[in-house]
Amino acid sequence: MPTDIALTPKDFKSDQEVRWCPGCGDYAILAAVQGFMPELGIARENIVFVSGIGCSSRFPYYMNTYGMHSVHGRAPAIATGLACARPDLSVWVVTGDGDALSIGGNHLIHALRRNVNLKILLFNNEIYGLTKGQYSPTSERGKITRSTPMGSLDEPFRPLSLAIGAEASFVARTIDSDRGHLTDVLRQAAAHQGTALVEIYQNCNIFNDGAFDTLKNPATRDDALLRLEHGRPYRLAPDAEEIVHDVEDPDPTAAFTLSRLRHPTPIGVLRSVRRPAYDQLMNRQTAGAVAERGPGDLAALLAGTDSWTVRG
Amino acid sequence: MSTPPTVKQLDRVVIRFAGDSGDGMQLTGDRFTAETAGFGNDLSTLPNFPAEIRAPAGTLPGVSSFQLHFADHDILTPGDAPDILVAMNPAALRANLADLPRGAEIIVNTDEFSRRALAKVGWSASPLDDGTLEAYRVHPVALTTLTAEALKDSGLTRKDAERAKNMFALGLLSWMYHRPTEGTERFLRTKFARRPELAEANVTAFRAGWNYGETTESFAVSYEVAPAERAFAPGRHRNISGNLALSLGLVAAAERASLPLFLGSYPITPASDILHELSKHKNFGVRTFQAEDEIAGIGAALGAAFGGALGVTTTSGPGVALKSETIGLAVSLELPLLVVDIQRGGPSTGLPTKTEQADLLQAMFGRNGEAPVPVLAPATPADCFTAALDAARIALTYRTPVFLLSDGYLANGSEPWRIPDVAELPDLRVEFATAPNRPDGSFWPYQRDPETLARPWAVPGTPGLEHRIGGIEKQDGTGNISYDPANHDHMVRLRQAKVDGIAVPDLEVDDPSGDARLLVLGWGSTYGPIAAAVSEVRAAGGRVATAHLRHLNPFPANLGAALRRYDRVLVPEMNLGQLALLLRARFLVDVRSHTQVSGMPFKAAQLAAVIEENAKNTEATGAH
Amino acid sequence: MTYVIAQPCVDVKDKACIEECPVDCIYEGQRSLYIHPDECVDCGACEPVCPVEAIFYEDDTPEEWKDYYKANVEFFDELGSPGGAGQLGLIERDHPLVAGQPVRAA
């Protein structure tokens, strides 16, 4: 798919005025994605961004590629159809914690288990932004919001644990404001065969400002973050044994353990295993059917095997 | 030796096979149908089975039946009442007895009439002995014993051998009605190719049934129904069910459009057979996607359509309810998409295996906002083929989702179909946008074709036409997000005008005498019963006009004028008057509704009585 | 496109904008603050909080301060893209355009 075309970040900016709240973490992600896209070496016309509903789902309008802003929660399903019908395309899904984990939870887990060739960017701000500040499925329990004045009651999802449970082949986490890290994770996601889920901690400076401050503040972040790198050792706690991080470990146990960890919070690629992509398998079946039976003969199909002739 | 049996000539016969869900009645019926089709009769079938896969054995809810009407002339329905019932057990007899006219023949499997089996259906004494069946010609046959006897050397266990009793029954009926048998034997050998011992056992049972008829005095009469030569146009024919015809129509549409077919679907009765059928045709480039739910089924189809495929989703009423939001998105995106609804009894889960036409208003209006969607409906099982092509034509030409409303009756019923030449099928080729469409070299995704109002279909991979579409209101032309009040008003009216402007053929009114004052108007699967009823009324001297709507949105341009030409318009529907509501609203015509929502199709005779009464009343009301 | 800090900041350096910037791309020079043109993500959070209205969207920079775009860009010629201002703290120099401004009375 990569071509020789030399594109710049500017080529990926559409003519539409970006309309997120000033200071929104989405801007940083948009800038990082636009900055990274030229690296892919894929022509703009072969890239599609599909989104659902929510603040983050405005994303496709700002990318000068093909794009679809669909309905709430359904982007993975729509993108699955597109990727299966058009395995030649690079298909990206942009979604949020409400879109992906609440209304669209079913589509997300099934896309992950199928391993469709999609890159899913999950902007997790742990709040509902577009509907003005209700708690989300990733909000911490007891969250005071407009819909939960006495505190939310539900246990939050941990998106990466959910993804690993759903047989995801690529699972990573990064942070909106850390452009270098975000870009590095995008690079690995793009190179992955199948569905890549990238959780991006994204600050909603209006309804949940500072949710990730300890992970961002230079004074606290070194202690708060566990930066994972394939082949490098890490410790789950200061006095714990060293473990060499292996993203390719077929056993998801270590990745799952990391996905449960909060202090420190792991960022980077937790898991990246090889598995055939669904769209490739589907198209292989189609090609196999042609190889086995020859290209379809419509006249023969219509005639069937049990017919008779009426003479005039 | 018995005396040679008498052969009687008949012009038409209605047979009903009935048994337990596990007795293989649908297969038996299918095979008899195939033999009959091959013989050249016109025919129409009505399978009727419970929603449960295996309801408790021997109970009334577990009865499965298959009715076949065949004739030496053109017929339109599966028949109102059976001339002959094959009852494999007491439940099958009890469940179907009320439908039998006096004098009908009954073949009963006496082996199953044990005290316990009788008690299960509430009979304290055997109806075979107590006079219950006095009005009928009963053939008591020990089907199970005879089958086991015929297979005693097969090496099969008695239980396995007894399972072939449906083939014994089929053999017997095939003898009674002089059906050709080679097809069934060939079919059995193919079906059981991996288990030759079962294939041979079934063939043996089938032949034993035939020979039983030939040699037993109980069956003194056999029947001949001559081929229906004049019922068919010249050419090759096959028997076809609605769901199969619809599936083939979809494959044909994709071929004629030179587009890959993409089906996104979630299994649901009675639509799943389309998913099964299309899954067999991957060598046509067909991609079938069994989604995680109804919403994902249509979502994937819409995604594929964005990518340039002929996107299709298949479902039934409950699934349509779930797909509504995405249908609205497709309206807003203005992408081609086929939504196939095989209607069943509702509301909610309703009657999964029964038929109904109660999704018309859901198809018309079941979305938020002003979201017009073209709607069309096939009239007969074979017509599902043509309707699928027509639905694809509209979707592709006008870049819109389209509803195709079949139903359980059409889906599972079958009739002979003249196999069309591929060359006579419509050319559905579309042109993707390949170049900018603005003088300044830019591309507007909502710049419309002045004639069809369709927008360009620019698929990803086309350089220079990168664009973004979505469900938010957009500015006409540029497609950019727009909340402008005047633009929204314009867009709402424009989307409506696009659907209103779809080219559909005029309604053809059949009014042979030219002076009828009553018009009977139907849509969808009521075609057969209405046509049969109307010809009964006419045969009795009644004056009545009839017409059938293929297109429900938009209506044919001449519909209003056609309605106003008649003093009375009668609309029979398998709902509570949904088309009638639309006609009244649209044309201010006082149409009369005749409705039935029993899960079963109209019976022609009952409908004929209603039509006759309406015709009389209309005549009695004097001049216009 | 990017945001630009213009002349009104010189010798003021209120730093309210630094608090607001979600990506830490506003760097402190000797007499003025500077927005890193590559690190800025155009979110606009800084612009309304500046007490002296020194921050402008590139295209909207008043004619008399157009040159400040260059000042913001060239200030980083030596630095490259450090990826966060916090870690650098005060950078004890200025772009010549800023350095050439008359010193504002406190």
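The UniProt record, an unreviewed entry, annotates residues 22–209 of chain B as "domain: Pyruvate/ketoisovalerate oxidoreductase catalytic". The structure described here is a predicted model.

**Chain B as a whole**

In its secondary structure, chain B has 20 helices and 23 strands. Its C-alpha atoms occupy a box of roughly 95 × 65 × 45 Å along the principal axes. A compact globule of 624 residues would have a radius of gyration near 25 Å, and the value for chain B is 27 Å, which agrees. Of the 624 residues in chain B, 56% are buried. A residue counts as buried when 20 or more other C-beta atoms lie within 10 Å of its own. Among the contacts in chain B with a separation of 6 or more, 76% are between residues 24 or more positions apart.

**Chain C**

Chain C contains 3 helices and 4 strands. Their order along the sequence is β-α-β-β-β-α-α. The radius of gyration of chain C is 12 Å, close to the 13 Å that the globule rule gives for 106 residues, so chain C is as compact as a globular protein of that length. The C-alpha trace of chain C spans about 30 × 30 × 25 Å along its principal axes. Buried residues amount to 37% of the 106 residues in chain C. Residues 24 or more positions apart supply 76% of the contacts in chain C that have a separation of 6 or more.

The table sets out these values by chain.

| Chain | Secondary structure | Buried residues |
|---|---|---|
| Chain B | 20 helices and 23 strands | 56% of the 624 residues |
| Chain C | 3 helices and 4 strands | 37% of the 106 residues |

**How the chains meet**

There are 2 pairs of chains in contact, and of these, chains A and B share the most contacts. Which chains are joined by no contact? Chain B and chain C are not joined by any contact, and their closest C-alpha atoms lie 20 Å apart. Where chain C meets chain A, the contact takes 13 residues from chain C and 15 residues from chain A. On the side of chain C that touches chain A, the residues divide into 6 nonpolar, 4 polar and 3 charged.

Terms used
Residues are numbered from 1 along each chain as its sequence is written. Chains are lettered from A and ligands numbered from 1 in the order in which they are written. This is a predicted model: local features need pLDDT of at least 70, side-chain atom pairs count only at pLDDT 80 or more; totals for chains, interfaces and linings use all residues. Helices (H or I, at least four residues) and strands (E, at least two) are DSSP runs, numbered from the N terminus. The radius of gyration is taken over C-alpha atoms; the globule rule is 2.2 Å times the number of residues to the power 0.38. A residue is buried if 20 or more other C-beta atoms lie within 10 Å of its own, exposed if 12 or fewer, and partly exposed in between; C-beta atoms are placed from the backbone. Two residues are in contact if their C-beta atoms, placed from the backbone, lie within 7 Å. Ala, Val, Leu, Ile, Met, Phe, Trp, Tyr, Cys and Pro count as nonpolar, Asp, Glu, Lys and Arg as charged, and the others, Gly among them, as polar. UniProt positions are given in the numbering used here, feature names are shortened, and annotations may be inferred rather than shown by experiment.
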